[in-house]
Number of protein chains: 2
Amino acid sequence: AWFHIVFYSLGSQLFPATCYLDLMEFSEPGIFNYSTLLLSEERDALYVGAREAIFELSKKNVTIHSSWPVTEISMNMCTLKGKSKERECLNYIRVLQAVDDTRLYVCGTHAFQPQCDYLYFGNFSLHGKPEDGRGKCSFDPSQSFTTVMADGVLYSGTAYNFLGSEPIISRYSPTQSLLRTEYSTSWLNEPSFVFADVIREGENGADGEDDKIYFFFTEVSVEYEFFGKLFIPRVARVCKGDLGGQRTLQKKWTSFLKAKLVCSMPELNFVFNVVHDVFILKGTDRKDTVIYGVFTSQWGNVGLSAVCAYEIKDVEDVFSKGKYMQKATVEQSHTKWVRYNGITPTPRPGACINNQMRLQNINNSLHLPDKTLQFVKDHPLLEDPILPIHNRPRLITKDVNYTQIVVERVQALDKITYDVIFTGTDKGVLHKSVLVEDEVHIVEEIQLLKNGEPIKNLLLSSETQSLYAGSDVGVVQSPTAFCGRYSSCVDCILARDPYCAWHPTNATCVNIFDTASQTLRGLIQSLKGDANMCPAGRPQHAHTPVYRLQFYKVDNAV
Amino acid sequence: AWFHIVFYSLGSQLFPATCYLDLMEFSEPGIFNYSTLLLSEERDALYVGAREAIFELSKKNVTIHSSWPVTEISMNMCTLKGKSKERECLNYIRVLQAVDDTRLYVCGTHAFQPQCDYLYFGNFSLHGKPEDGRGKCSFDPSQSFTTVMADGVLYSGTAYNFLGSEPIISRYSPTQSLLRTEYSTSWLNEPSFVFADVIREGENGADGEDDKIYFFFTEVSVEYEFFGKLFIPRVARVCKGDLGGQRTLQKKWTSFLKAKLVCSMPELNFVFNVVHDVFILKGTDRKDTVIYGVFTSQWGNVGLSAVCAYEIKDVEDVFSKGKYMQKATVEQSHTKWVRYNGITPTPRPGACINNQMRLQNINNSLHLPDKTLQFVKDHPLLEDPILPIHNRPRLITKDVNYTQIVVERVQALDKITYDVIFTGTDKGVLHKSVLVEDEVHIVEEIQLLKNGEPIKNLLLSSETQSLYAGSDVGVVQSPTAFCGRYSSCVDCILARDPYCAWHPTNATCVNIFDTASQTLRGLIQSLKGDANMCPAGRPQHAHTPVYRLQFYKVDNAV
C-alpha cells in the first residue's frame, strides 16, 4: 500500500533545519522490480508492472493487484537452460499498454519465454490465453527494452531470441503479421534500447505524410573505428503505415532509417556517446516539439552527465533530406562506411508514403519499387548527424549518472513558457532544472528513493502535478514542486522555480498551479531571481545563487 | 641563488604535527621558464636553460650565469609577424647538450628564429657565432619539443617552420647535412613530442646491429576514425648510422618506423591515449631495460593518470618483426589504413644495417634497394601494438595529471632490486611509488613546488641522491628519500621505502645509501611492510596501509 515517507532537509542554504517533505511510497511485501509504469488519466490510475505482479493504484489509495507467475513447465525449461530460478526464471512485467476502455495489453519475460495477455479492468484479471511474446518483450529481464503503443498496435525494440543476440524493432497487431527489422549489423548492432514514442503528423500534415515511430538507443558504431567498441547514440524511425515490401523486404520495414544523435562539447573534444533515456516534449504546435535525452560518456567513471535537446525539425530534416552512408570494401577483407555519392533511387528510400507517391500509384509500401527497397535495405544509416539545439548540451552535471528524464512545459506568471527538466539518477536522486533564456539551472535536488537505489522509470502527471519513480523496491510519488517550503519572499523568489510565487498578503510561497492559488492576486515571481521585487523591509540576498537542496529521509509515518 | 625552503606535514597519519622537510630552491630575479635541465656528473654541476639565460649550478652553491637575449632585428621581425614582445619573441633555451669536455651545445627559440651556439665551460660564455637552429629547436616556446645527443650528434623532434605545422624528426651533426623525416601525415601527424633517448646495442649486439634512437610522442591517429581527432601514443625509431637513401629518400631517414603504445584497462574499455613523458630505465643487462611512460586520457577532465611500463624486447620485436599498415583508397575519395598482407621487400624496410645485409654488400643505407626504400616511405606505421608489461598499467592514480616521470632501480637490504617511480604533476606535487612483486604502491606524496606550478622537467641524480624539478619560476632540489622523518620503527617499516631502514641501536630511520649507513649493522627493512620485524615492546600497527604524505610550505629560511 501507499505510505507516507518524510524527508528533512540537511545542509541547505534555503530551508530551516527541520523541514519536512511529504512523499508517498508504494510497495508490497515480497514484490520487487517496479520498473514498468503506465499512467491513465482517464481512469485516474497508475498501473505498475513488477515481478510477477501488476498493480492498479488509484488516487483514492485503493490498490488492486493481479499476479502472473510463470508456469512450472516454463520454469523447468528455463532452469535447464542454465538460468537462475530465483532471479531470471521469473516473470518480469515489461509491457503495460492500454488497448481500449476495457483492457490492457501486458507482456512479461515469463522465464525467458516471453508471453503477452490481456488484462481486463473489470475484474482486474488476465484473460488467461497467453500469446507468444517473442519480438514484443525481451527474454532477459536485465536486457534493455522499450515499447510504445499507437492506435492499438505495439511497437517494440528488443531481442528476438533466447541469447539476446538478435536485436529487433518490431510491430505487432492482432490483425497483421509481425513486421520487423532485417537481421543485420548495418540495421542494428548490439543496441541498447532506451525509449520509443510516436510523433503524429496532425491534421495539416504536409503532403499527406504518415505518423512516425521513433526509437532511441545506443549501439556499437560501424562507421567509426576505435581501439575497442565505440558506442553511438542513435535515433531510428519507421512509418506507422508500413506494410513491408512485396518481394524485397517482405514483412520487414521498408521505412527503417537511423541517424547519429550528437551530444558533445566540441571545444573540449568530449563526447557524450551513451544515451540512457529520452523524453519527447510535444508542443501544442507540432514544430515546438523538442526531444530531450540524458547522456553519459563511455569512458568510464567520468561522472559527467549531460542533457541534450533536439528540435523535431532538425530530426525530420535529416531523415527526409540527409545523405546515406554505404559500406565499401577495402582490400578484399575490410569494410569502411563512407558517404554514398551516387544517384539515390526514387521514391526516396525509407520515406513514408505521401501524396506525391500516391500520384505515382504508390499507395502503400507494397507498391514501392525493388530498387528503392534494395537501397534502403543496404543503406539504413544516414550520414548527417542530428545536432542538439545550439550545438551543445543544455546541462552538464558532475558526479551524477542520470538514468531517466521527463520534461514539463509550464507557463509562469510572466506568460512565458519554461521547460522544467526532471532527471533521475542511479542513486535515487532527482534533479529539477529550469530552462531560462537558453540557460539551464538546477533549482532542486532531492533524495527521492530512500536507500539510494537507481531510478528505473520516471513518469510525470501534469494533472496530479506529480512525479512517479519506479525502482527495484517500490514506486515513489512526489509533487513536482515544494513551494510551501520557502518561508520568506527572498527564498521563494531565489528558488527561480516557475511553479512557485510569493503571496505578500498571506506571506506564503504558493504553487501557482494549485486551484487555491488561481484566485490569488499580487503574486510575486521572478525566474531571473530578482529579489528586489519582494516587499521592502526584509533582508535581501546580494546575489542569486543556484540552490541545490538535499533531502534525507528520517522517518516513516503511515 | 639556492635557498632553503621548509615544508611541514599536514594531516599525515605518519608524521608528527610539526615536521620539517628541507628542500633547496634556485631562481634568479627576473628569470623565468627553467624548463631545460642537464646534469653533468663529471663536472658535478646542474645546467639550467631558462628564458634568455643559462646557469651552471654547482654543489658548492656557486652559480655561474650566461645570458642570451634576442637581437633587436630578430625581435622586430618576430613582433611584425604578430607574436608578442613580452612572451613569444624572447629566447627560450630548449637545447642543452654536452658536446665534449670543453663545451655545451645550446639552442634557443630566439624570437621564432631558432639559433644554436656553443657555450664554453671555461669562461661560461657563448662562442658568439650562432648557427641556424631550424629543425634542431622549435620556433614556438610553447610547442612540444624533445632532443637527445648521442656521440656528439643532435637528434630532435620538433617543427621545421614558423607556423609549427611541419613536424620533423631530424639529426644534426656539424659534419653531415641534416637528415630528416618525410613531410607526410603518414610519417608524423600533428605530433606532440615528449621524449627521446638512445638505446645502445652494446658490445655483444646481436648480428652487428646499430644503436637506435627512440622518439616518444602523441599524434593524431590515421588508422582509427572517431567523432573528432583521436590521439594515439607512439614510439618511433631511427638507426644511428642512417645516411638516407641514394635516389629514394635522399637525406631522409631510411629507418624511420613507428608503432602504437598501448596503455589501457581493457576490462573497462578505458584508454590512456595521451603520453606526457617517458623515462627509459636502462638495466645493467640490456634486456632488463624498461620503458616507463605517464599517460592520461584525451577525454578531458577525467583526472586519471596512468604509468605503463614496456619491456625493451617487446618494443624491439614489434620493430623487427611487426606487420606493416598500408593506406588503401575507398570509393576514390576516402582512405583507410589496413594491415599490409602482401610480400614485404628484402632487406626488411626500416631495419638497421646488420651483418646479414653487409654480406649482401649493403654496408650502409645508401646501398639499400629502391624497393625497400619506397616501401618504408609508404608504410612507416606498424600494425602490431606495443603492449605494456602484464597488459595493464602499473599504476593508476585519481585526481592528478602526471607531467613528468623518472625511475631509479635500487637494491634494498633483501638484495632484491626495486623500481622506484617518481612522478611529477601539473600542480607541483611529486609522487614516489615502489614496484613490489608486480604491484605499485605510492609511498610518498610531497608538494615539491610551493605555489603548485606544473613540474616541467624532472631529473634524477643517483650520485647526489637528488631529484631536480624545473618549473616556470625556478628549480627545486629534493632528496630522493626522507628517512629521517620516521621516528619509530613501525613508521619506518610501514613506509615500505626501499631507501629507508630502521637502526634499532640508534633508534633512527636511516637512508641505506648514505655513506654513514654503510657501516651500520642489524638494520631492519621490510618492503612488504611487516612491522613484526620491529623490536618488541613497541606499539604495532595491525594493518599495512599505503601512506600518502602531504606537505605544505610554511616558511622560507635562507
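Copies are superposed by least squares on the C-alpha atoms of residues with pLDDT of at least 70 in both. In the predicted model, chain B can be laid on chain A in this way with an RMSD of 0.0 Å. Within chain B, B:E225 has the C-alpha nearest the axis, at 2.4 Å from it. Both copies use the same surface, as 100% of the contact residues of chain B recur in chain A.

Three domains make up the division of chain A: domain 1 spans 23-167, domain 2 spans 181-399 and domain 3 spans 489-557. For domain 1 of chain A and domain 2 of chain A, the C-alpha centres are 28 Å apart. The contact between these two domains involves 11 residues of domain 1 of chain A and 14 residues of domain 2 of chain A.

On the domain 1 side of this contact in chain A, at least two residues each are supplied by strand 12 (146-150) and strand 13 (153-159). Strand 12 of chain A provides the largest share of that side, namely four residues. By residue class, the side of domain 1 of chain A that touches domain 2 of chain A comprises five nonpolar residues, five polar residues and one charged residue.

Technical notes:
Residues are numbered from 1 along each chain as its sequence is written. Chains are lettered from A and ligands numbered from 1 in the order in which they are written. This is a predicted model: local features need pLDDT of at least 70, side-chain atom pairs count only at pLDDT 80 or more; totals for chains, interfaces and linings use all residues. Two residues are in contact if their C-beta atoms, placed from the backbone, lie within 7 Å. Domain bounds come from an automatic or database domain assignment. Ala, Val, Leu, Ile, Met, Phe, Trp, Tyr, Cys and Pro count as nonpolar, Asp, Glu, Lys and Arg as charged, and the others, Gly among them, as polar.
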